[in-house]
Amino acid sequence: MVDLEFFKHNGYVKLGQPFTAEELNRYTELYDRDKSETGYFWRPIAFDGHQSVNCEPLISSPEFDGLIRHPALIGAVETIFEGPSCLAEACLRHMAPHEGDPVEVWHRDRRHMTDRPYRCGYLHMMLYLTDVSEDTHCFSISPEPCDASILDTEEQVEQRGGIPLHGPAGTVILFNLSVVHAATVRRTPHERKSVQVYYGHRDGPVLSQFTTIPTSLWRDHTDPEVRGFYGLLNTRSQKFAEAFG
């Protein structure tokens, strides 16, 4: 169950460790294999390439569909949304050991959608595949009640602070994409591995052009619920479908 009261008052919620040990091992092995065998899908982003990302996991490792649509995640997402969800983006992310100065860039990814429950147009799911502590890189968030005034980024952090979110491998965090947050880059010998999935309302707008959804999921799947979940296509997916059928 998701703690709606906590989400309402903070804009994020921890789901604990919803995956079994077997599932977590399987997804960690899948992540490692994806990075080692299909590195051509990975690209450097942010902090002079310190962080790298693969936003095409459904192409490079289709088995990630099982994680993206895991009942423990979908149940929590659709409880917050008060309705059906869809895939908006999915990324595998890696943060390498870092010897330089700490970095923390606070930002919002999208404006709040005030016509949606909890002003939440998109939910971002963060799954840690490695242990995350004060000695590693982490995800940080500035708590924001859904009925409070919306402040600019600097004022939000100054008034409401920032919280580094730690947890063992398998920890899952859900947060409103419109809430101020940051990737906290620390001086550390440790890497951080994560899977980050963005969920949207099924009747909402497209979030990004980063993730291609295969026709086997949105068009040809035998289950209409799967087709519905993957059915909000970005232009990228449409172009690939036109090119390859």
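The following legends describe close-up views of one predicted model.

Residues are numbered from 1 along each chain as its sequence is written.

**Figure 1. The open sheet of seven strands.** Seven strands form an open sheet with antiparallel pairing, in the order β1-β9-β6-β11-β4-β3-β2. Strands here are DSSP runs of E with at least two residues, helices are DSSP runs of H or I with at least four residues, and both are numbered from the N terminus. Two strands count as paired if DSSP finds at least two bridges between them. Strands β1 (12–16) and β2 stand at the edges with a single partner strand each, so one side of each has no neighbour in the sheet. On average, neighbouring strands are turned by 25 degrees against each other, direction ignored. Axes are lines fitted to C-alpha atoms, for helices over the stretch in contact, and angles run from 0 to 180 degrees between N-to-C directions.

**Figure 2. Two helices against the sheet.** Helix α2 (residues 21–37) packs on the sheet and touches β3, β4 and β11. Its direction makes about 70 degrees with that of β4. Contact means heavy atoms within 4.5 Å. Helix α5 (residues 71–81) lies across β1, β4, β6, β9 (172–176) and β11, and runs at about 45 degrees to β11.

Figure 3. Buried means under 20% relative accessible area, exposed means over 50%, and partly exposed lies in between (1.4 Å probe, protein chains only). V172, L174 and N176 point one way from β9, whereas I173 and F175 point the other way. Strand β1 is joined to β9 by four bridges in the antiparallel sense, and Y12 stands opposite F175. Strands β6 and β9 also run antiparallel, over five bridges, and the bridge partner of M126 in β9 is I173.

**Figure 4. The pairing of β2 with β3.** Three bridges join the antiparallel strands β2 and β3. R43 stands opposite V53 of β3.

**Figure 5. The largest pocket.** About 460 Å³ of space lies in this pocket. Of the 27 residues that line the largest pocket, R93, H107, D109, H181 and Y198 are the closest to its centre. On a 1 Å grid over the protein atoms alone, a pocket is an open set of points with protein on both sides within 12 Å along at least five of seven lines, a cavity is a set of points where a 1.4 Å probe fits but cannot get out, and lining residues have an atom within 4 Å of a point. Grid points are joined across faces, edges and corners, and a volume is the space filled by probe spheres set on the points. At least two lining residues come from each of β2 (43–45), β3 (51–54), β4 (85–95), β6 (122–128), β10 (181–185) and β11 (192–201). The lining has 15 nonpolar, six polar and six charged residues. Ala, Val, Leu, Ile, Met, Phe, Trp, Tyr, Cys and Pro count as nonpolar, Asp, Glu, Lys and Arg as charged, and the others, Gly among them, as polar.

**Figure 6. The second largest pocket and helix α9.** The volume of the second largest pocket is about 170 Å³. Its lining includes F41, E56, I59, P214 and F244. Helix α9 (residues 235–244) gives the largest share of this lining, four residues. By class, the lining divides into seven nonpolar, four polar and one charged. T235 lies in helix α9 and is partly exposed, with a relative accessible area of 41%. The C-alpha atoms of T235 and V206 are separated by 9.0 Å, although these residues are 29 residues apart along the chain.

**Figure 7. The two cavities.** A search of the whole structure finds two cavities of 30 Å³ or more. The largest cavity has a volume of about 90 Å³. Of its 13 lining residues, the closest to its centre are L87, A88, E89, L232 and N234. Strand β4 supplies the largest share of that lining, four residues. The second largest cavity has a volume of about 50 Å³, and the residues that line it include F7, H112, Y118, R119 and C146. Five nonpolar, three polar and two charged residues make up the lining of the second largest cavity.

Definitions and conventions:
Predicted model: local features only at pLDDT ≥ 70, side-chain atom pairs only at ≥ 80, totals over all residues. Heavy atoms only, no water.
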